[in-house]
Amino acid sequence: MTNSRNNKPRRRGMPSDHVGVLLSAVALMAAGWLGLAALVLTTTPRIGAELWLFFLLLHFAITGTVIPIVRYVNVRLTPPDIPVPMGGVIVRQSVWIALFVVICAWLQIQRGLSAPVAFFLILVFVVLEVFLRSREIADEVE
């Protein structure tokens with residue numbers, strides 16, 4: 001007996017742009033987390049350049065950390081007969097996640113973060129990504 005799952009076309013290997021994205025993720029992750037550790041351990045908390053540097057390093061750290069997770073989810077959930085999303089899509093989705101975390105951190109400092117605010121903020125990012133992705137898929141079909 002032949003299993004019907006074996007008749008589907010298989011993807012071969014990792015696309016070359018994904019290799020570059022994963023290497024840049026390692027660099028972002030290292031720069032972000034090491035920079036955050038140095039910032040927290042060596043400076044006093046002040047409003048000013050230190051705060052903006054904290055947000056920038058947090059964005060780098062979260063983006064680099066979630067790129068492999070976002071890539072895995074995209075590869076896993078894409079049907080075998082459709083090509084996996086390009087590296088730029090994976091980076092963009094990771095940047096959305098990092099931007100959400102940075103905005104939540106900023107709102108928490110201002111004591112403005114609540115569950116409804118976080119829900120609607122993530123809803124905005126999901127709607128934006130669905131809109132952008134649907135346009136990209138429509139352009140690929142043409």
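**Salt bridges**

I started with Arg-46 and Glu-50, whose side chains meet in a salt bridge, N to O at 3.6 Å. I noted the cut-off: a salt bridge is a side-chain nitrogen of Lys or Arg within 4 Å of a carboxyl oxygen of Asp or Glu. This is a predicted model, where local features need pLDDT of at least 70 and side-chain atom pairs count only at pLDDT 80 or more, while totals for chains, interfaces and linings use all residues. Residues are numbered from 1 along each chain as its sequence is written, and side-chain values use heavy atoms, with hydrogens and water left out.

Arg-46 has another partner to jot down: its side chain is joined to that of Thr-44 by a polar contact of 3.1 Å. A polar contact is a pair of N or O atoms within 3.5 Å; within protein, one must be able to donate a hydrogen and the other to accept it, and residues adjacent in sequence count only if both atoms are side-chain atoms. Thr-44 sits in the loop between helix H1 (16-42) and H2. Helices here are DSSP runs (H or I, at least four residues), numbered from the N terminus.

How many salt bridges does a search of the whole structure find? I got four. One of them pairs Arg-92 with Glu-129, the closest N and O atoms being 2.8 Å apart. Arg-92 is in helix H3 (residues 87-109) and Glu-129 in helix H4, so this pair ties together parts that are 37 residues apart in sequence. Are Arg-92 and Glu-129 buried or exposed? Both are buried, and buried means under 20% relative accessible area, exposed over 50%, partly exposed in between (1.4 Å probe, protein chains only).

Next I looked up Glu-136 and Arg-133, which meet in a salt bridge of 2.9 Å, N to O. They both lie in helix H4, three residues apart, about one turn of the helix. Glu-136 counts as partly exposed because its relative accessibility is 23%, and Arg-133 counts as buried because its value is 17%. Salt bridges that share partners join Arg-92, Glu-129, Arg-133 and Glu-136 into one network.

Then I went to Arg-71, which is in helix H2 (residues 49-77). Arg-71 is buried yet has no salt bridge; Asp-17, the nearest side chain of opposite charge, is 7.6 Å away. For charge, Lys and Arg count as positive and Asp and Glu as negative, while His and the chain ends are not counted.

Which side chain makes a polar contact with the side chain of Arg-71? I found His-18, at 3.0 Å. His-18 lies in helix H1, and it counts as buried because its relative accessibility is 1%. Not counting residues up to four places away in sequence, His-18 touches several residues, including Val-75, Val-84 and Ile-90. Contact means heavy atoms within 4.5 Å. With neighbours within four places in sequence left aside, the contacts of Arg-71 include Met-14, Pro-15 and Leu-22.

**A loop residue**

Last entry: Arg-111, in the loop between H3 and H4. Its phi is near 60°, a positive value in a residue other than glycine. Arg-111 counts as exposed because its relative accessible area is 70%.

Definitions and conventions
Helices (H or I, at least four residues) and strands (E, at least two) are DSSP runs, numbered from the N terminus.
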